[in-house]
Amino acid sequence: MRASKFFIATLKETPSDAEVISHQLMLRAGMIRRAASGLYSWLPLGLKVVRKVEHIIREEMARAGSQEVLMPAVQPAELWQESGRWVEYGPELLRLNDRHGREFCLGPTHEEVITDIVKKELRSYKQLPLNVFQIQTKFRDEIRPRFGVMRSREFIMKDAYSFHIDEDSLKDTYQEMFDAYVRIFDRLGLDYRPVIADNGSIGGSGSHEFHVLASSGEDDIAFSNQSDYAANIETAEALAPTTAKSEATQALIIKDTPNAKTIAALVEQFDIAIEKTVKTLIVEADEDCDFELVALLVRGDHELNELKAEKLPQVKAPLVFATEEQLKNNIGAGAGSLGPIDLDMPIIIDRSVATMSDFSAGANVDDKHYFGINWERDLAIPEIADLRNVQEGDLSPCGNGTLSIKRGIEVGHVFQLGTKYSEAMNANVLDQNGKAKSMHMGCYGIGVTRAVAASIEQNNDANGIIWPKNLAPFEIALVPINYDKADTVKQTTDALYDELIAAGIDVFLDDRKERPGVKFADMELMGMPHRLVISDRGIKAGTFEYKGRTDEEKQEITTQGACNFLIEKIRA
RNA sequence: CGGGGCGUAGCGCAGUCUGGUAGCGCACUUGUCUGGGGGACAAGGGGUCGCAGGUUCGAAUCCUGCCGUUCCGACCA
């Protein structure tokens, strides 16, 4: 490709509304342009990268026995009503009406459509398992699109769906898909980790997310420093403390604490360790519970894990925190002065709270706190559960090592759906005994466009993008100096260009009438992995100048073996 | 949805407080020079100052409403 014919749209300055580095560089390199919030056009440079990602995914999916299909982006409401998600999904599902007033939605995912197809076509267990995938644009009406294509409303996703006669078959395919994902993300050149993930409301047994490690990620991932254990913080188990509860040494006293509305203020004003304080969080109770509210206690320096809380039978899901008004009516004190003593509602305490002694908490009277609280002595020990987020330094739930926490970008998710959709939509086949059985399903997603952004997030420097070999939009850039003026430069460059093309290399020839500095800057911004400078001066000396994108130094190579040298570099 | 910021040339911004001829840098066009890291000089083109209404002799500037966008939070997976 010649630069003079290519849609180059590089920007010297960083657009002010781009926050993260990948978004900035994608705009600056001319990969994408914004059409509206969360909606982006892909320019030729960006699309080439998207296609490379898709290509790798297609190859590996095929190798894993999945077949490609294409499904409608606009989907009939009936299918979503059948699965129950027309009601469940909420405002993220963009609904629309056609000219006849019939209801549709823009597909945020395609379980309903594929399940409908499969149930109509498959009759027998002999036709299972079946694994199909699609790569296409999906739409989720995100409340807050951000970070460019990392969290956009319209995005390209690969989704695979598998169908099985039983759970064992599902587990086999799940493992195959997991392995395929490892191959895909390896080939994409990403620094990633498969992590144990939450199954959400669907339940079932298995789910892993694939996270690219990057500080701009929106998820917290907990890792063991001594094993392969990695889990989304949402789901990582916080183990009970190994140290036994200490004996009570302090008397229970109540003090006026008018200026201590928060744990931080309490710790500072009364000079106590934060580990000796307890946070009391009041949430709405489940409908089946006899009380309106439930109290959840975590240590002062710990954070409530809302997902864990929601799973408790006493707690309403999704989690709703009590309003100040509910607190006044039920307890008579505000949020800053709550505690477990004389609290008339179910109380559930975190494992680490259960081993505390001589601790402080609110007195359920405004501006008063108890100090020196001890379980058993001052009040009976309530129900104990794992309620908190794990923290840096906690023991790993796998039993080996301690946890560290890093940010991750979720680029893939493999999920055992079980029979949620097949039951709701009556997707049955006959088993060996001639009995109808709901098919077991799995789904396996990869955020294609998000993976592109994630790659840039991990691979960049002050000059721009550094593409890994398999994602680079072009394999090499030829940068002639005075291409338009010096005949020998033009002839030499054209000859080398033709030779590389004939060898099957995707070459970018910067034949623009620009000064060298402009070309160098653009080539680096766009992330060309290899660069060859062709100049009059060099030709006379019988050399070209080569530089890899991440090389410190340029090197002179002879014009003679240049083509082979470059091919070797490119294929290395 | 709650809170904050921003909306002036393609991009980045100043001007708004204190109303009075709409500016700067980059980019773009033409010419000359230059020619290995976003070059110099000269001459140009490009704006209903987000939209609507109001106050005023006069509004980018003050007031009201709306829209867009962005950040933080909540929400979602």
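## Where the RNA sits

Helix α14 gives the largest share of the surface near RNA strand B, with seven residues; helices here are DSSP runs of H or I with at least four residues, strands are runs of E with at least two, and both are numbered from the N terminus. This is a predicted model, where local features need pLDDT of at least 70 and side-chain atom pairs pLDDT 80 or more, while totals for chains, interfaces and linings use all residues. Side-chain values use heavy atoms, with hydrogens and water left out, residues are numbered from 1 along each chain as its sequence is written, and chains are lettered from A and ligands numbered from 1 in the order written.

So who's around the RNA? There are 33 residues around RNA strand B, and Arg 144, Lys 485, Glu 524, Ser 535 and Glu 545 come nearest; "near" takes a heavy atom of the residue within 4 Å of the strand. Of the RNA strand B atoms that come within 4 Å of the protein, sugar and phosphate account for 40%.

Lys 12 has a side-chain N or O atom 2.8 Å from a sugar or linking oxygen. Arg 515 goes for a base oxygen at 2.5 Å, and Glu 524 pairs up with a base nitrogen at 2.4 Å. Two or more residues of the surface near RNA strand B come from each of α14 (516–525) and β28 (530–534).

## Charges on helices

Asp 168, Asp 172, Glu 176 and Asp 179 make a negative surface patch, and Asp 172 belongs to helix α6 (residues 167–187). Patch residues have over 30% relative accessible area and no salt bridge, with like charges joined within 9 Å. The areas are Shrake-Rupley values with a 1.4 Å probe.

The structure has 39 salt bridges, each a Lys or Arg side-chain nitrogen within 4 Å of an Asp or Glu carboxyl oxygen. One of them joins Arg 58 to Glu 54, with the closest N and O atoms 3.8 Å apart. Both residues are in helix α2 (residues 44–63), four residues apart, or about one turn.

Most residues other than glycine have a negative phi, and most peptide bonds are trans. The Leu 128 to Pro 129 bond is cis, though, with omega near -5°; Pro 129 sits in the loop between α5 (111–121) and β7 (130–139). Asn 364 has a positive phi, near 60°, and lies in the loop between β17 (359–362) and β18 (368–373).

Technical notes
Patch = residues over 30% accessible without salt bridge, like charges linked within 9 Å, V, L, I, M, F, W, Y side chains within 5 Å. Lys, Arg positive; Asp, Glu negative; His and termini not counted. Charge placed at Lys NZ, Arg CZ, Asp CG, Glu CD. Polar contact = N/O pair within 3.5 Å; in protein donor to acceptor, adjacent residues only side chain to side chain.
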